[in-house]
Structure formats: structure tokens, C-alpha cells
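Visitor: Please pick one part of this structure and go through it closely, residue by residue where that helps. State the cut-off behind each term when you use it.

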Amino acid sequence: MNMREAGSTVDLSAFWMPFTNNRQFKETPRMLVSAKGMYYRSDDDREILDGTAGLWCVNAGHCRQEIVDAVKAQVEQMEFAPTFQMGHPKAFEAATRIAAHTPGDLKKIFFANSGSEAVDSALKIALAYHRARGEGQRTRLIGRERGYHGVGFGGISVGGLGPNRKAYSGQLLPSVDHLPQTYNFKEQAFSKGQPAWGAHLADELERLVTLHDPSTIAAVIVEPLAGSAGVLVPPQGYLQRLRELCDKYGILLIFDEVITGWGRLGAPFAAQFFGVTPDLITMAKGTNNATVPMGAVAVKNSVHDTIVEGAAAGIEFFHGYTYSGHPLAAAAAVAAMDVYEKDNLFDRAAKMAPYFEKVIHGLRDLPHVLDIRNLGLVGGIELKSRDGKPGARAYEVFVKCFQKGVLIRSTADILAFSPPLIVNEAQIDHLFGTVAEAIRETA
Ligand SMILES: Cc1ncc(COP(=O)(O)O)c(C=O)c1O
């Protein structure tokens, strides 16, 4: 049986696919069946260059032998052990290895299983912290328009994407407000790296502080660079300003680094890249090279200590998941750290970023290209929408690229690129050469 036959025998009806046009997909499926390094293979036996690191997550490239071996060894030795009132060494080892890369004194690691869970955990930690220090009235959470923080009720409440919120709008968390988003076409189009315009938008936090009173605000959560909303690069000075204002008003600053974590910008976290240290960092995806579901929150020691040492005898924080620190996920995380460190992958991303920038900006004169933005190994190309059909043009480019053997991502009419950090110059040329062809063909 060849791979195409193998694919076509699969019954597609039962799996209700996430964030997918199910009807369209099931009419014309796109199936991946194996992966190695920079490439997937499709069920019709084609090599597919991975321009998105899976879903912004396979930062070290696919099926790294060291990680595969570590997971195999762990599953044979012990497939599961609880971490509620019990422990197993790999979870502690994984936390220690993760904490070696987190900035400042964010050295306490709380495990979850996804970015969404990491976000909800971080929001709870922020509320628990203020309560533990006697400011339990600080319950308000501030997110940002166009923010994506996963799909839990906490995450969509602080998130700022209308379609993700609409159906649940009556049941979102009550005390939430939003900063304005930072993208401005007129001021920022075709910026290379961080746009010069827009730092003042952080001052909107002053407005929210005046409106609600600082004594009611627990935390601000932002993606340092917004990925899922279409690659929105923070203006120069913006994150620094947010940090200053949070400090001024005793508000915790949470960076959601589910995408920017683990080398995407050429430093372990965006926090180090921008030189701004938040109080909490959420991560998932690249934490173990997406090998086994894992999310985590890195927490400032003082925030952790306030909750843990301030508690009465007994369990200090009533929160956790059956699979927090799952042995397979932990083993994969330790092995992923080995690979990241041994291959110096974060530095590699930094070194490759100027070439990536040069090549992606080479597409600016193609038809329908409205804007190109980039930072580190993340890029976005915004296309002009077809009349009355938002998202159709970028989706068409995405499908054409897949047919031509390149995996990219589209959200609305924005194409997003985030290749594994092992990408080389020839693969960057191939990626954007194919994208250029596909854009021309949709003219
Ligand atoms: C910034 C950010 N936060 C949270 C999430 C949610 O992660 P997950 O899909 O693992 O729940 C994502 C996913 O892309 C993300 O980009």
C-alpha cells in the first residue's frame, strides 16, 4: 500500500478538527505522515519544507534522535507518575534545566500541558499572589486587543481576538480590560525589525489605571511579539514602558512567550532579547520541541515565595493538572534543552535572522502585498483581501504553497513564517521563492 492509499483509507468523519474549516478540509485533505529535520512528508509521498516549525513549536527540527531516544527510554521505564503529593526526578530535572534559561529571578517553574493552560495558570498565580500579600482586591486583568492567549476562559477573556470571544461573550471573566493593539499600517508598514512608531501606546495603561484605580489591577498580560494575530512586532521602547508602568503601580507583568520562547527571536526568551524582565513568563510549544504536550509558567522567586511561604500549613496553591510534569514531557524537555544548548540554536537563530529579513523583504513588490514584518526567525506578509472575501487570498496562497511542497500558515489575509531554528539559507530561499510564486499565481 503506498502512502496515498494509506491516507485515503483513513475515515475523516469522527475527528472534529480544531481551528479548521472542517467541511473544506475533509473534501480536500492535506495529510502529513512523517517528519525529519526541516521536512515533513505528505501522504502522497512528497517532501514538504516546514516553514512554520509545525505550529511555531518544533524549534530544533523534527524527530531529533536525542529527543526520540529520551522519550522512548522514559516510556519504557515509567510512563506516568503523579506530581500531586508525589514526585519523580525528571520533572525536577526539567524544571531546573528550564530555569537555567529563564531571565532574572524567574526561577520557579509550574508545569501545565499547553499554552492555554500555562496562561490560565499564570493568571491564577497573579491573583493568588496579590491575595497572599493582603491585596486581594486586585482582581482586574489587563490584556490587549489582538492578543492571543489560547482558548481557556481566562485566555480568551484577556485575549483580544473577536472571533475567539464572540460565542462566549456573556461568560468571559468579569474584571478584564484591554490595552490597544500596537499595529498601525500607516506608521509601520515594511518596518524591518521593531517599528520606530508606537511606544506611546503603552501609556494607555495609565488611562486604564486612572479609570479602574491601580489598587484593583492584578496583572497585565501581553505577547512580547504577537504571533497568532498576524506577526505584530512591538514598537521600540513599548515593552520597556509597560514594565515601568507596571512597576509604578504594583502590577504584575506577564509575558506570554508560548511562541517567542525557546529561541524564536535569537535569545532564549523575548524577555532577554528585548532586555525587559516580566514577573511571569508563560511557555509551551518549544519547551520540549513539541514532542509531548507541555506548558509551563516561569515565576519570579518573590512571587512564588509570597504564595508558598505565606500560606497556612498544607497545600499552598490549589491548582494543577494530572499531567503537570508528565514523565514523557519532562524527558523530552530535558533532551530538548540538550539539543538547544549543544547546537547553540538560539545563537543560530540570531545569526540567521538578518538573512531571513533580507529575503522576506524581497517580496515587497509582489502583487497584493500590503506589508511585510519580521523579527528574529518570525515573519509575516499581509495581503490585500479579495473583495468581500477576507482571508481567501492568504488561504489560497497557503494551499498553493502546500501543493508546491512548502508549509506556511495563514490567518486572515496574513501569511506567517516561523521555520525551525535549524533552517539554512538555501531553505530560506526555497521557502520565500515558493511563497513568491504562489502570491504571483493568485494575482
Ligand atoms: C501566545 C500564545 N499563547 C497561548 C497559546 C495557546 O497555546 P496552546 O494552543 O498550546 O493551548 C498560543 C498558541 O499559539 C500562543 O501563541
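Guide: Setting aside neighbours up to four places away in sequence, Met-352 is in contact with Leu-377 and Val-423, where contact means that the C-beta atoms of two residues, placed from the backbone, lie within 7 Å. This is a predicted model, in which local features need pLDDT of at least 70 and side-chain atom pairs count only at pLDDT 80 or more, while totals for chains, interfaces and linings use all residues. Residues are numbered from 1 along each chain as its sequence is written.

Between Met-352 and Leu-377 there are 25 residues in sequence, but their C-alpha atoms are 7.5 Å apart in space. Met-352 counts as buried because it has 21 C-beta neighbours inside 10 Å; the class requires 20 or more other C-beta atoms within 10 Å, exposed means 12 or fewer, and partly exposed is in between, with C-beta atoms placed from the backbone.

Met-352 belongs to helix H15. Helices are DSSP runs of H or I with at least four residues, strands are runs of E with at least two, and both are numbered from the N terminus.

Phe-432 is classed as buried because 24 other C-beta atoms lie within 10 Å. Beyond four places in sequence, the contacts of Phe-432 are Val-359, Ile-360, Gly-362 and Leu-363. The C-alpha atoms of Phe-432 and Phe-356 are 9.3 Å apart, across 76 residues of sequence.

Domain bounds come from an automatic or database domain assignment, which gives domain 1 (31–60 + 344–442) and domain 2 (66–342). The centres of the two domains, taken over C-alpha atoms, are 26 Å apart. Contacts join 31 residues of domain 1 to 28 residues of domain 2. On the side of domain 1 that touches domain 2, at least two residues each come from helix H3 (53–56), helix H15 (345–361), strand S11 (369–375), strand S12 (378–383) and strand S15 (414–417). H15 contributes the most to that side, with seven residues. By type, the residues on that side of domain 1 are 17 nonpolar, nine polar and five charged, with Ala, Val, Leu, Ile, Met, Phe, Trp, Tyr, Cys and Pro taken as nonpolar, Asp, Glu, Lys and Arg as charged, and the others, Gly among them, as polar.

Two loop residues deserve a note on backbone geometry. Most residues other than glycine have a negative phi. Asn-344, in the loop between H14 and H15, has a positive phi near 50 degrees. Asn-344 is partly exposed because it has 13 C-beta neighbours inside 10 Å. Cys-63 also has a positive phi, near 50 degrees, and lies in the loop between H3 and helix H4 (65–77). For Cys-63 the class is partly exposed because 14 C-beta neighbours are inside 10 Å.

Last, the confidence. pLDDT is the predictor's confidence in each residue, from 0 to 100. The protein chain averages a pLDDT of 97, and 98% of the residues score at least 70. Residues 1–6 have a pLDDT below 50, and this stretch has ten contacts in the model beyond near neighbours in sequence.
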